[in-house]
Amino acid sequence: MSPKWPATSDWKKHWLLSGDSVFLNHGSFGACPKLILKAQSRLRELMETKPVQFLWRHHDERLDAARHALAEFLGADAANLAFVTNATTGVNSVVRSLEFQPDDEILTTDHNYNACRNVLEEAARRSGARVVVAAVPFPLQSDDEIVAAILKSITPRTRLAMIDHVTSNTALVFPIERIIRELEARGVDTLVDGAHAPGMLPLDLEKLRPAY
Ligand SMILES: Cc1ncc(COP(=O)(O)O)c(C=O)c1O
């Protein structure tokens, strides 16, 4: 028997997605709402009309305005925010700016995103550090199992933990604030892979205060 066709969402009208399939993979290849596509086109046209004004004279003020608007949405201090091209670049920017020593440990979990795991593997390869992967059970009964799996994998050599807020393959929401505080209490900085969280979960970055 073929699965039942789901009811059409009231939100569907905001996307160009074709009506003859049910799109579930917004995580890997999210489609863009029409309103945003229109705004993008408007900006592209503006850039083409006055390239120097757009890309040079007014570039920073436009980005600053966007950064402040985003900061408000994320509960962040705009001074602590910087735009990067995508999540993988963000993770790269942090990890490649740190200096690891041989035998340092970089902690992550087996629910992480492969491209970001590769960043850790490469940093480890260059420095002689080691990537430690905490095994988080799936399916889960409670948040405690996530926290316990991560804390169990900490050693005195753990320098950094890269933890997803919303996991990609398993679609779990990790109790990120609790994890950050527990790691902090043990002297470990957390790099949050926050892909999926903005727009999906209410965020207050100033309260979450991860190292990165
Ligand atoms: C948890 C997570 N981190 C990172 C990424 C990478 O995102 P990007 O391709 O925008 O760098 C993804 C993409 O799906 C993801 O799900």
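A polar contact is a pair of N or O atoms within 3.5 Å; within protein, one atom must be able to donate a hydrogen and the other to accept it, and residues adjacent in sequence count only if both atoms are side-chain atoms. In this predicted model, local features need pLDDT of at least 70 and side-chain atom pairs count only at pLDDT 80 or more, while totals for chains, interfaces and linings use all residues. Residues are numbered from 1 along each chain as its sequence is written, and side-chain values use heavy atoms, with hydrogens and water left out.

**Ligand site**
- An oxygen atom of the ligand lies 3.2 Å from a polar backbone atom of Ala87.
- The side chain of Thr88 has an N or O atom 2.4 Å from an oxygen atom of the ligand.
- His196 places a polar side-chain atom 2.5 Å from an oxygen atom of the ligand.
- The residues around the ligand include Gly27, Asn86, Tyr113, Cys116, Asp164 and Asp193 (a residue is near a molecule or strand if one of its heavy atoms lies within 4 Å of it).

**Overall build**
- The chain has 9 helices and 4 strands (DSSP runs numbered from the N terminus: helices are H or I with at least four residues, strands are E with at least two).
- From the N terminus on, the order of elements is α-α-α-α-α-β-α-β-α-β-α-β-α.
- Along the principal axes, the C-alpha atoms fill a box of roughly 60 × 55 × 30 Å.

**Helices α5 and α6**
- The axes of α5 (residues 87–95) and α6 (residues 114–127) come within 9 Å and cross at roughly 20 degrees (axes are lines fitted to C-alpha atoms, for helices over the stretch in contact, and angles run from 0 to 180 degrees between N-to-C directions).
- That angle makes α5 roughly parallel to α6 (angles under 35 degrees count as roughly parallel, over 145 as roughly antiparallel, 65 to 115 as roughly perpendicular and the rest as oblique).
- Thr88, Val91, Asn92 and Val95 of α5 meet Ala115, Cys116, Val119, Leu120 and Ala123 of α6 (contact means heavy atoms within 4.5 Å).
- By class, this contact of α5 with α6 has 7 nonpolar, 2 polar and no charged residues (Ala, Val, Leu, Ile, Met, Phe, Trp, Tyr, Cys and Pro count as nonpolar, Asp, Glu, Lys and Arg as charged, and the others, Gly among them, as polar).

**Helices α7 and α8**
- Helix α7 (residues 143–152) packs on helix α8 (residues 176–185) at about 30 degrees, with the axes 10 Å apart.
- This makes α7 roughly parallel to α8.
- Asp143, Asp144, Ile146, Val147, Ile150 and Leu151 of α7 make the contact with Arg178, Ile179, Glu182 and Leu183 of α8.
- The residues of the contact of α7 with α8 are 6 nonpolar, no polar and 4 charged.
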